[in-house]
Amino acid sequence: TKSQSEKPLIICFNLICVSRLVERKGIDDILSAMAGLQSENIKLSIIGSGSYENMLKRRCRELSLSSKVEFKGFCPRDKLPALYAQGDAFILTSRSEAFGNVFAEAMSCGLPIIGADVGGIPDLITEKNGLLVEPGDIEAIKRAILKLKHSKRLCGQMGQASREKIERNYRWPKIAEKFLDLYAS
């Protein structure tokens, strides 16, 4: 198999967003960033459903993003790895977030991450495996997308670091060990 640095140039950069479609997830900010990147060959798959879905679809039409953004709807957890595998990077720029299971899922699938610098997200995402942006900072979101799109090597390194971090820190035996240590103290 070819190494990450030997992969062919990315013709289309595929972003994956898995989330409940509610306002606090900041998906409208991702759409605004995508609108500013119209000349770039970037696509976004939004996986999930929720009360904000119709508004987000309307926003896509207003921003002329219908050919660049696909709403895939709800997906059962056991089918998510196949969808993550179709992406070049994971993006979710929540305005508030606790741990963010979807970040860990995307990391375990070897994706570089673009996330917001809020809540528990900085515990998962560092400069080694992703890029953090301030919630609502459309220009920062655009820069983060372009930084990953234009560097296959960086995407490969961050994706590998994501996977290694999950393997090292978030597998069930490791979590159980941490709980046992906590209860023992």
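Welcome! Strand β1 and strand β2 (residues 42–47) run parallel and are joined by six bridges. This is a predicted model, in which local features need pLDDT of at least 70 and side-chain atom pairs count only at pLDDT 80 or more, while totals for chains, interfaces and linings use all residues. Residues are numbered from 1 along each chain as its sequence is written, and side-chain values use heavy atoms, leaving out hydrogens and water. Helices (H or I, at least four residues) and strands (E, at least two) are DSSP runs, numbered from the N terminus.

**Strand β1 and its partners**

- Leu15 has Leu44 in β2 as its bridge partner; two strands count as paired if DSSP finds at least two bridges between them.
- From β1 the chain passes through helix α1 (residues 27–35) to β2, making a right-handed β-α-β crossover; that is, with the strands pointing away from the viewer, the path from the first strand over the helix to the second runs clockwise.
- Strand β4 (residues 89–92) also runs parallel to β1, with two bridges joining them, and Phe90 in β4 is the bridge partner of Ile16.
- Five of the six residues of β1 (residues 13–18) are buried, meaning under 20% relative accessible area with a 1.4 Å probe, protein chains only.

**Helix α4 and its surroundings**

- Helix α4 (residues 101–108) is mostly covered, with six of its eight residues buried: Val102, Phe103, Ala104, Glu105, Ala106 and Met107.
- These buried residues pack against several elements, including β1, β4 and α7 (152–169); contact here means heavy atoms within 4.5 Å.

Methods:
Buried means under 20% relative accessible area, exposed over 50%, partly exposed in between (1.4 Å probe, protein chains only).
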